[in-house]
Structures are given as C-alpha cells and as structure tokens.
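User: I would like to learn how to read a structure like this one. Could you walk me through it, feature by feature?

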Amino acid sequence: MGAGNRRTLVVAIGSLVAATLFWAGNYVVGAAAVAELDPVSLVLLRWAFAAVPLLALAQLVERPRWREVLRAWPWLLALGATGLLGYTLLLYSALQFTDPFSASLINAFNPALISLAAVVLLRQRLSGRAVVGILLALAGVLIVISRGSFAALLYGGFGLGDVLMICAILTWTAYTVLGRKAPTLPPIASTAVQAVIAALVLAPVSLLTGGPALPQSAPVWGALAFIVVFPSVLSYLLWNRALEVIPPARAGVFLNLITVFTAVLTLLLGHPFSVAQVVGGLIVVGGIALANADAFRRRPAPSSFEARPPTGG
C-alpha cells in the first residue's frame with residue numbers, strides 16, 4: 001500500500017471513529033436534554049435545525065437530482081417515520097427512564113436483530129459463527145436488562161426505559177429492512193429529506209400538545225446545538241465519506257464503538273457502573289464482533305442496507 005493510499009485509509013478510519021464518537025455523545029447529551037425538554041420537542045428541534053445544513057451538504061457533496069429523489073416520496077416517508085422520527089423519539093423517551101450506558105448496550109444488539117430480520121424477511125443466510133454471536137449478544141442484553149438477576153427479570157419484568165429502548169431497536173430494524181427494499185438514493189440527500197419529513201410530521205403533534213418547548217437554560221441550548229451539529233450532521237458526512245474507502249460491511253463493525261464510547265463518556269462524567277453492565281456489555285460487544293467477523297474476510301459490494309448509519313445513535 002502506497003503512502004497516499006495509507007493516508008487515505010487512516011483518514012477514513014478516523015472519520016468512522018469520529019462519527020461513532022458523536023453518535024455515542026447523543027446518548028449522554030440526549031439524556032441531559034430530556035431532563036428539561038420533552039422527547040417530542042427535542043426530536044422536532046433536532047431535525048428542524050439539522051434539515052438546513054443536511055440539505056446544503058447534500059447539494060455540495062452529492063449534487064443530487066432532487067426531482068428524482070422526491071419521486072421516491074413513499075419510501076422517504078416510511079423511512080423518515082421509522083428511522084429519524086420513530087427511533088429517535090423512542091430513544092429520547094427511553095433516556096428519561098434509563099441511563100445512557102444501559103440504553104447503548106441494548107442498542108448494541110441492533111445489528112444482531114437486523115441480521116435476524118434479514119433471515120426472516122429477506123431470505124438471507126447466517127453462518128454458524130453469526131448465530132453463536134447473536135445468541136451471545138442476546139445473553140449480554142438480558143444481563144444488562146435484568147441487572148444481573150434473571151430471576152428478578154422473570155418476576156419483575158422489564159423497566160419502562162428498557163421496554164422503550166427495545167421498541168427503539170425494533171423500529172430501527174424496520175427502518176433498515178425498508179432501506180434494503182427502497183430504491184438507491186444519495187444517502188445525505190435522503191437523510192435531509194427524511195429530516196424535513198420528520199419535522200413536518202411532528203410540528204402539528206407538538207402544537208396540539210402545547211409545544212414545542214424551547215430550552216430554558218444555556219446548558220440545554222448547548223446540548224441541543226451538539227445534537228444538531230455533531231450526531232445529526234457531521235456524523236453523516238464523515239460516515240459517508242469513509243464509505244468511499246472502506247467497504248460498508250467492514251465499516252459497520254465500527255458501530256460497536258458507540259457502546260464503548262458511551263461507557264467512556266459515562267465514566268468521565270462520574271456516573272457509576274454496575275457489574276452487570278460491565279459483564280453484559282463485554283458479552284454484547286464480543287457477540288456482535290463474532291457475528292460480524294466475516295466482514296473482515298470478504299469485500300462485499302456496497303449496499304444501502306449495510307451502509308445505513310444509526311441516525312438516532
């Protein structure tokens with residue numbers, strides 16, 4: 001590999017790391033934001049403010065044929081409703097009742113859930129290694145949800161935050177499967193239009209419920225600005241530029257860093273960890289890494305299904 005190619009690869013890897021760091025920050029900063037803002041207002045403000053720079057970036061980077069993009073409006077409506085609207089609304093609702101680290105650990109099971117959905121709905125096959133990895137990841141999630149006591153889970157059930165987070169990853173799975181069926185569209189342009197759709201759908205809902213509420217303190221304005229600029233805009237730009245160098249399946253493995261970075265950020269903020277979170281988290285990440293091990297052995301053709309990043313995460 002020449003020096004130029006090596007430098008390009010290093011920049012691409014750095015871009016993936018930065019994108020996942022910003023998405024991890026969404027958990028921690030989002031938890032702080034929902035202490036003052038209701039989830040509907042936060043999601044509305046996030047996508048309303050992010051839509052303009054996303055549209056501008058799409059025009060600068062992709063130069064899409066907007067008329068052709070808009071012809072796919074039924075798909076964009078379905079994707080916007082499940083991904084940018086449904087997932088983020090459920091995520092921020094979950095963060096009202098659970099801590100960011102636990103939410104990120106449950107979210108880490110998402111790739112395994114998507115693999116299962118691909119088997120059932122898209123007739124794809126899983127290797128034996130992938131099946132073992134998925135089962136390990138599921139065991140890790142159950143350890144986190146049960147706080148290390150499966151008996152408590154059987155008798156006490158799931159916490160509300162856990163239920164909302166499980167609904168969030170189910171919604172994201174629907175979004176990903178829809179993305180596989182949808183026509184191929186420029187990713188930033190597609191996300192920009194979905195952001196507009198999410199804001200337009202939520203605006204009347206927010207007005208009917210007395211909103212939207214605006215931040216009442218400088219720290220929450222800062223949290224909203226972070227959410228709009230970093231996980232909503234810059235992460236998409238970095239992720240999609242990296243996919244020009246690194247195959248989507250290999251890039252997808254980097255999404256496991258979201259949980260790692262969330263753990264580090266949580267620790268830096270002084271929040272304590274439980275043994276169940278640490279053990280469960282290691283099992284989840286290990287299981288997902290095992291399930292995705294084949295991604296490092298093959299160079300699959302790029303696909304919108306594999307390359308679709310976690311908008312809410």
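User: Let's start with S93. Which residues does S93 touch, leaving out those up to four places away in sequence?

Analyst: Contact here means heavy atoms within 4.5 Å. Not counting residues up to four places away in sequence, S93 touches P39 and L164. Before we go on: this is a predicted model, where local features need pLDDT of at least 70 and side-chain atom pairs count only at pLDDT 80 or more, while totals for chains, interfaces and linings use all residues. Residues are numbered from 1 along each chain as its sequence is written, and side-chain values use heavy atoms, with hydrogens and water left out.

User: Where is S93 found, and is S93 buried or exposed?

Analyst: S93 is in helix α4, residues 73-94. Helices are DSSP runs of H or I, at least four residues long, numbered from the N terminus. Buried means under 20% relative accessible area, exposed over 50%, and partly exposed in between, with a 1.4 Å probe and protein chains only. S93 has 16% relative accessibility, so S93 counts as buried.

User: How should I read L202?

Analyst: Start with its place: L202 lies in helix α10, residues 187-208. Its relative accessible area is 4%, so L202 is buried. Its contacts beyond four places in sequence are V40, V43, L44 and L85. L202 and S41 are 161 residues apart in sequence, yet their C-alpha atoms are 8.5 Å apart in space.

User: Which residues have the most contacts inside the largest nonpolar core?

Analyst: A nonpolar core is a set of buried Ala, Val, Leu, Ile, Met, Phe, Trp, Tyr and Cys residues joined through side-chain atoms within 4.5 Å. The largest one here has 70 residues, and L42, W47, L54, F109 and M165 have the most contacts inside it. Beyond four places in sequence, M165 is in contact with residues including Y27, Y87, L91 and I106.

User: How many salt bridges does a search of the whole structure find?

Analyst: Side chains of opposite charge can pair when their charged atoms come close. A salt bridge is a side-chain nitrogen of Lys or Arg within 4 Å of a carboxyl oxygen of Asp or Glu. The search finds two. E68 pairs with R65 at 3.4 Å, N to O; E68 is partly exposed at 42%, and R65 is exposed at 62%. E244 pairs with R241, with the closest N and O atoms 3.7 Å apart.

User: Where does α11 bend?

Analyst: A bend is the angle between axes fitted to the seven residues ending at a residue and the seven starting there. α11 bends by about 35° at L234.

Definitions and conventions:
Helix = DSSP H or I, 4+ residues; strand = E, 2+ residues; numbered from the N terminus.
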